[in-house]
Amino acid sequence: MILVINSCVSELLLASRMISITIVELLNDLKHIQYQDSLCIFRSYIGYVFCAGQFYSYLLQANYRYMTVVSPTRLLWQSEWLQVFLIGLSWIFAFICTIPHMLTNEIQYYIDDQLCELPLHLSFISVYNIVFIYLLPMGGIIFIYFKLIIYVKEMSKRVTLTNTLSRAKRELQMVSRIIILVSIELTLGIPYTIFLLMGFISQPPKYPIRIAFTFVDVSLLLIMIALFQFTDPVKTIIIKKLYRQPHTDAVAVL
């Protein structure tokens, strides 16, 4: 639950950042403002931090599922304090690995899009951003997924307790759900990828960031819905809260 809550918090943080960007864009459009405010670059930086925190939260979940199957007797890997420590470590890494975005002064203000972002052209920081925020955690998740598939298949061939095999299959299903969450974000991130690749060889069309971020907003909504559907404890708690409130109000009236 701690790791799932961490993923939900990272989603909410990233969503709040996207909402703040949308509000600033709308106000700038209404007031015809075409210059960056004092927090423009910081909003861009913190957005990359939240994005990194989101992907690495999925990696932590996948790693936990793998360790509970492969090393079920090593309770240290399943301990609550270790998971909290790893969550803290992942967020520290998210803040540190995105510092070059600020130090290199690569974050630019796009007048048409009314926001600050990394330039859509080939540069060291663009490649660095792709590798450390996207490729590393995604590669780790996919690696764990296939390792878990191989391990479960080997368990099926051996004489294994039914409960142990059933738990392994359940954890494999949970990792596959993490793959689904990542796939949603990657699929709806295709427009941004296309504009980035176009920037490597030519000039992207007008409003590239706004168009790309529209798809990102949709992906965040779909991911939150998927997290709600995939996480039974969270779904149970929310449903109980929703159904308990009308009942409480009725009792208060009586």
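Student: Why is Ala-52 called buried?

Tutor: Ala-52 has a relative accessible area of 0%. Buried means under 20% relative accessible area, exposed over 50%, and partly exposed in between, with a 1.4 Å probe and protein chains only. Ala-52 is therefore buried. A word on the source: this is a predicted model, where local features need pLDDT of at least 70, side-chain atom pairs count only at pLDDT 80 or more, and totals for chains, interfaces and linings use all residues. Residues are numbered from 1 along each chain as its sequence is written, and side-chain values use heavy atoms, with hydrogens and water left out.

Student: Thanks! Where is Ala-52 placed, and which residues does Ala-52 touch?

Tutor: Ala-52 sits in helix 2 (residues 40-70); helices (H or I, at least four residues) and strands (E, at least two) are DSSP runs, numbered from the N terminus. Leaving aside residues up to four places away in sequence, Ala-52 touches Ala-94 and Ile-133, where contact means heavy atoms within 4.5 Å.

Student: What makes Glu-117 and Arg-17 a salt bridge?

Tutor: The closest N and O atoms of Glu-117 and Arg-17 are 2.9 Å apart. A salt bridge is a side-chain nitrogen of Lys or Arg within 4 Å of a carboxyl oxygen of Asp or Glu, so the pair qualifies. It links distant parts of the chain: Glu-117 belongs to strand 2 (residues 115-117) and Arg-17 to helix 1 (residues 2-31), 100 residues apart.

Student: How do you know whether Glu-117 is buried or exposed, and what about Arg-17?

Tutor: Set the values against the cut-off: Glu-117, at 2% relative accessibility, counts as buried, and Arg-17, with a relative accessible area of 7%, is buried too.

Student: Which side chain does Asp-29 meet in a salt bridge?

Tutor: Asp-29 meets Arg-210, at 3.0 Å from N to O. Asp-29 lies in helix 1 and Arg-210 in helix 8 (residues 208-230), so the pair ties together parts that are 181 residues apart in sequence. Asp-29, at 33% relative accessible area, is partly exposed, and Arg-210 is partly exposed at 21%.

Student: How many salt bridges does a search of the whole structure find?

Tutor: Three. Asp-37 and Arg-43 form one of them, at 2.7 Å from N to O.

Student: Why is Asp-37 called partly exposed, and what is Arg-43 called?

Tutor: Asp-37 has 30% relative accessibility, so it counts as partly exposed. Arg-43 has 15%, so Arg-43 counts as buried.
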